[in-house]
Amino acid sequence: MNKVRLAAICLLLGLVSGCGVQKAESQFFAMNTVMGIQAEGADAKQAVVQAEQYINKLDRMLSRTRPESEIYALNHAGGDWVTVSYETYHLIDQAKGLAMDTDGAYDPTVAPLTDLWGIGTEGAHVPQQSEIDAALTHVDYRNIELEPAADASAGGRVRLLNGAEVDLGGIAKGFAGAWALTSEDATAALLQLGGNVSAFELDGQAKPVKIGIGDPDNVAEYLATVEVRDGCVVTTGDYERYFEQDGVRYHHVFDPKTGYPAQSGLRSVTVLQPYEAGAAADGYSTALFVMGLERGLDFCNRNGIPALFITQDKRMVPSDALKHSSGTQFAFGEFLGADKGYTYEG
């Protein structure tokens, strides 16, 4: 799933002095979105090149539509075991774990629903109930079976039962952000991978990155900001991909239990996580959107997850971990939505 656009309002680099320090940046298209990387360090140019190459490698491995990809091979294996690389195995394993943790609110096997509804394509439409019911028979993360290789670094085997298909688009960018730029050649960096923003620093001197949270009715404007050090920020919302039919708007975030776009009373959910937990931030943001405010807040508060919920009735509600996070790795910044009719319940 595509994530909504976030904006890094400022990245304060220039923190390391010395004649050997470089700054570098790159913008490119991968994983069906525009991506950008800024870095600073002893060999920032090489670090950025390697990061871009790694993300493109992941794109080739994890794409559901490229015939040469490992995910394509898995989805077309007819239930047979398929040997996959370390990255693919690790991400599928993590996706299944996130599905278990969220009681299926995030489910990596929603591909049949994505295909059926066609949201984001010219064929977007409301399917017949019989078609939805048929697609749901293949949607269940428990249809994923994994068998690790003896050498964990070699990946392992995966098979899909009952006609299941996996779609890792919902967490692949978070995974890429966590693993693409880990070279000590870059001591500080900002990765904007579609709607995923990751701030990375090795030397402990980087200042917080201020991230703008978009207005669901106008994503070019912001309702709030959050601040993050060496972490990532991911938002799932109902306004990036959708279509309207008979006066009803249908968005792309599906409830795996009903087969319909989630009707949770939310416009968006923003999740903050450590830099290395980008895939988890992706999965949690989707799951919390499906859960809705009450269940989502309870889940966050039980698990210590910093998150910000924006409701259809124009409330902004932080989880306890975000509400009380000032001065730590994550912090709520400014509330900017009062003149748009929003209230902040922090």
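**Sheet organisation and core packing in a predicted model**

Gly-120 is exposed, with a relative accessible area of 62%, where exposed denotes over 50%, buried under 20% and partly exposed in between (1.4 Å probe, protein chains only). Gly-120 is found in the loop between helix 4 (111-117) and helix 5 (129-136); helices (H or I, at least four residues) and strands (E, at least two) are DSSP runs, numbered from the N terminus. The C-alpha atoms of Gly-120 and Arg-157 are separated by 32 Å, the two residues being 37 apart along the chain. The model is predicted: local features need pLDDT of at least 70 and side-chain atom pairs count only at pLDDT 80 or more, whereas totals for chains, interfaces and linings use all residues. Residues are numbered from 1 along each chain as its sequence is written, and side-chain values use heavy atoms, with hydrogens and water left out.

An open sheet is formed by nine strands in the order 2-3-7-8-11-14-15-16-18, with mixed pairing; two strands are taken to pair if DSSP finds at least two bridges between them. Strand 2 (22-30) and strand 18 (343-344) are the edge strands, each pairing on one side only. Helix 6 (residues 169-179) packs on the sheet and touches strand 3 (33-41), strand 7 and strand 8, contact meaning heavy atoms within 4.5 Å. The direction of helix 6 makes about 165° with that of strand 7; axes are lines fitted to C-alpha atoms, for helices over the stretch in contact, and angles run from 0 to 180 degrees between N-to-C directions. Helix 8 (residues 293-303) lies across strand 14, strand 15 (307-311) and strand 16 (315-318), and runs at about 175° to strand 15.

Strand 7 (residues 188-193) and strand 8 run antiparallel and are joined by six bridges, with Gln-192 having Val-197 in strand 8 as its bridge partner. Strand 8 (residues 196-201) is in turn joined to strand 11 by four bridges, also in antiparallel orientation; here Ser-198 stands opposite Cys-232. Between strand 11 and strand 14 (residues 266-274), which run antiparallel, there are seven bridges, and Thr-235 is partnered with Thr-270 of strand 14.

Strand 11 (residues 231-237) is mostly covered, seven of its seven residues being buried. In a regular strand the side chains alternate between the two faces of the sheet. Accordingly, Gly-231, Val-233, Thr-235 and Gly-237 point one way from strand 11, while Cys-232, Val-234 and Thr-236 point the other way.

Ser-268 lies in strand 14 and counts as buried because its relative accessibility is 0%. Beyond four places in sequence, Ser-268 touches Thr-235, Thr-236, Gly-237, Tyr-239, Phe-289, Leu-308, Phe-309 and Ile-310. Ser-264 is placed in the loop between strand 13 (248-251) and strand 14 and is likewise buried, at 17% relative accessible area. The side chain of Ser-264 reaches the backbone oxygen of Phe-289 at 2.6 Å. Contacts of Ser-264 beyond its neighbours within four places in sequence are with Phe-289, Val-290, Met-291, Gly-292 and Leu-293.

The largest nonpolar core has 73 residues, a nonpolar core being a set of buried Ala, Val, Leu, Ile, Met, Phe, Trp, Tyr and Cys residues joined through side-chain atoms within 4.5 Å. Ile-55, Leu-181, Leu-288 and Phe-309 have the most contacts inside this core. Leaving out residues up to four places away in sequence, Leu-181 touches Ile-37, Ala-39, Ala-47, Ala-51, Ala-186, Ala-189, Leu-191, Phe-200 and Tyr-275. Apart from this core lies another, of 19 residues, among them Leu-190, Ile-211, Leu-223 and Val-228.

Notes:
Polar contact = N/O pair within 3.5 Å; in protein donor to acceptor, adjacent residues only side chain to side chain.
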